[in-house]
Amino acid sequence: MLKISQLVKRYGNGAPVLKGLDLEVPGESVVAIIGASGAGKSTLLRCINRLVEPSSGTIELNGLMLTDLKGAGLRAARRRIGMIFQSFNLVDRLTVMENVQSGRLGYLPTWRAVFRRYPKEDIRRAYELMERVGIAHYANKRADELSGGERQRVGVVRALMQEPEILLADEPTASLDPKTSEQIMELLRALSREFALPVLINIHNVAEAKLYTDRIVGMRYGRIIFDAEPAALDTAAMDDIYAGVPAEERGEMVNVTPLRAKNA
Amino acid sequence: MVSMDPTPQEWARYTPRERMLRFAVFLFTALAIVWSLTSIDVIWAWVFDAPQQMADLFGRMVPPDARNLPSILSVLLETVNIATIATAIAVVVSLPVAYIAAQNTTPNAATLWLGRFILVSSRSVNTIIWALLFVAIFGPGIIAGIVAIMFRSIGFIGKLLGEAIEEIDKRPVEALEATGASRFKVIVYAIVPQVMPTFWAVAILRWDINLRESTVLGLVGAGGIGIILQSAIDTFNWQEAATVLLSILALVVLGEVVSAWLRKRVI
């Protein structure tokens with residue numbers, strides 16, 4: 001159970017990117033977060049594992065208050081949160097196995113990490129997971145030799161190696177072709193069921209969000225303005241979520257003529 | 001500024017003001033060159049005399065005297081050793097310096113400035129000047145040469161490696177931080193693999209440069225082939241000087257070949 005309450009994030013002295021956000025994600029469910037660029041989706045995900053430091057508010061994961069943690073305590077908590085990225089964020093010059101095992105770095109003694117002396121159970125778990133997503137035969141290939149879909153599978157396995165209690169996916173399919181992108185969404189949904197994991201997915205593709213998730217959260221300028229099952233996302237709701245210009249909303253538009261007026 | 005006419009027929013890359021400024025910069029550069037040429041005190045008679053002097057010197061050098069070749073070769077080997085040992089030590093020492101001199105890995109502002117200070121002070125002093133200093137400290141000989149080359153190399157390797165660290169792709173670093181890995185493990189897994197190619201390229205390049213620099217160390221008494229060269233010149237033994245020069249040339253060519261081969265193999 002992930003519980004976010006009154007989350008605020010502002011960068012520097014600017015207007016807040018997240019404006020007192022409340023969100024609860026119980027048990028195993030796949031939740032899509034949709035919204036225009038600049039709505040704060042990425043910031044929201046990164047506040048959960050504290051890659052971005054929240055300005056105020058609390059985030060609680062299965063009873064652990066994430067927002068209070070520091071140093072070693074924070075690192076230990078991050079092991080429980082798997083993250084998948086838009087550009088995969090693999091280390092290109094390392095092999096697939098090394099990339100996968102880097103999901104265990106939070107658990108491994110330093111010497112084992114440095115000399116690549118991975119424990120037997122970690123190696124077995126890696127092969128099982130790689131087999132599950134169909135990349136086991138690439139174990140010794142360098143990560144940059146793989147295609148986009150395969151690289152994202154490596155990213156997914158790296159996150160699962162952490163034995164996470166929740167998965168965060170920041171636009172996991174935005175760099176992939178439509179077919180591969182569907183496969184990855186399908187995979188995330190299946191993994192959520194198999195490992196009883198809540199999965200939070202930032203996504204631009206609303207059709208995919210409707211098809212592969214159990215719940216859709218619509219964000220606009222740092223607030224949640226829609227939160228319901230996919231079937232409830234109708235045209236009116238879509239218009240609300242994606243309408244407007246971010247700068248206009250933030251009150252930064254002073255002397256700019258709207259495009260439509262200029263063309264008329 | 002927006003022109004009133006939406007479709008003007010004339011277009012110029014620079015405004016008249018910009019053109020004047022460019023011309024002024026050009027004129028200033030030309031004047032600076034003329035001024036520097038007139039300010040140096042050239043004795044033109046010696047310049048015009050140079051071809052004869054060259055022919056004369058060449059005449060005295062031919063044929064090269066190879067009687068001393070065994071000792072020349074042994075000192076040449078010493079020269080290679082100075083370069084190799086100094087490069088090896090400098091590579092190891094420059095790793096932490098590069099780490100604290102790179103903006104994205106340095107622990108805090110104080111260490112950043114410390115790192116930059118080490119790099120600048122190492123780089124701003126020429127190897128020969130370092131050698132003079134260390135001959136005064138260690139006395140004449142090979143140790144002074146090794147330390148001098150090492151001091152100069154730390155700045156060179158550290159600077160290039162630090163820049164490589166600053167240019168890495170930050171996304172894998174973010175991903176590994178998200179797994180709960182410690183700072184050290186993030187460095188080993190996300191940063192080290194990315195700077196490895198630069199590391200080898202810089203180390204090989206510096207070894208190549210050090211090979212050439214160590215041939216002149218002997219001129220200030222810091223070991224290597226330079227000592228023999230200087231004593232040959234001091235005693236007007238031009239034929240032996242020719243042998244020394246030829247063997248230095250052979251060494252440098254050989255060094256070039258070896259480093260080219262290493263580059264191909266390692267990177």
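This is a predicted model: local features need pLDDT of at least 70, side-chain atom pairs count only at pLDDT 80 or more; totals for chains, interfaces and linings use all residues.
Helices here are DSSP runs (H or I, at least four residues), numbered from the N terminus. Among the residues making this contact are B:W200 and B:I204 of α8(B), and B:L251 and B:V252 of α10(B); two residues are in contact if their C-beta atoms, placed from the backbone, lie within 7 Å.

Now to α5(B), residues 127-138. Its buried residues are B:T127, B:W130, B:A131, B:F134 and B:V135, where buried means that 20 or more other C-beta atoms lie within 10 Å of a residue's own. Seen down the helix axis, these residues fall within an arc of 140°, so they line one face of α5(B); the arc is that of the directions from the axis to the C-beta atoms. Their cover includes α6 (142-166) and α8 (183-214) of chain B. After α5(B) comes B:G139, with a positive phi near 80°.

Finally, the two chains meet: 22 residues from chain A and 19 residues from chain B take part in the contact. On the side of chain A, α2 (71-78) and α4 (110-115) each supply at least two residues.

Residues are numbered from 1 along each chain as its sequence is written, and chains are lettered from A in the order in which they are written. Local features need pLDDT of at least 70, and side-chain atom pairs count only at pLDDT 80 or more, while totals for chains, interfaces and linings use all residues.

Key. A residue is buried if 20 or more other C-beta atoms lie within 10 Å of its own, exposed if 12 or fewer, and partly exposed in between; C-beta atoms are placed from the backbone.
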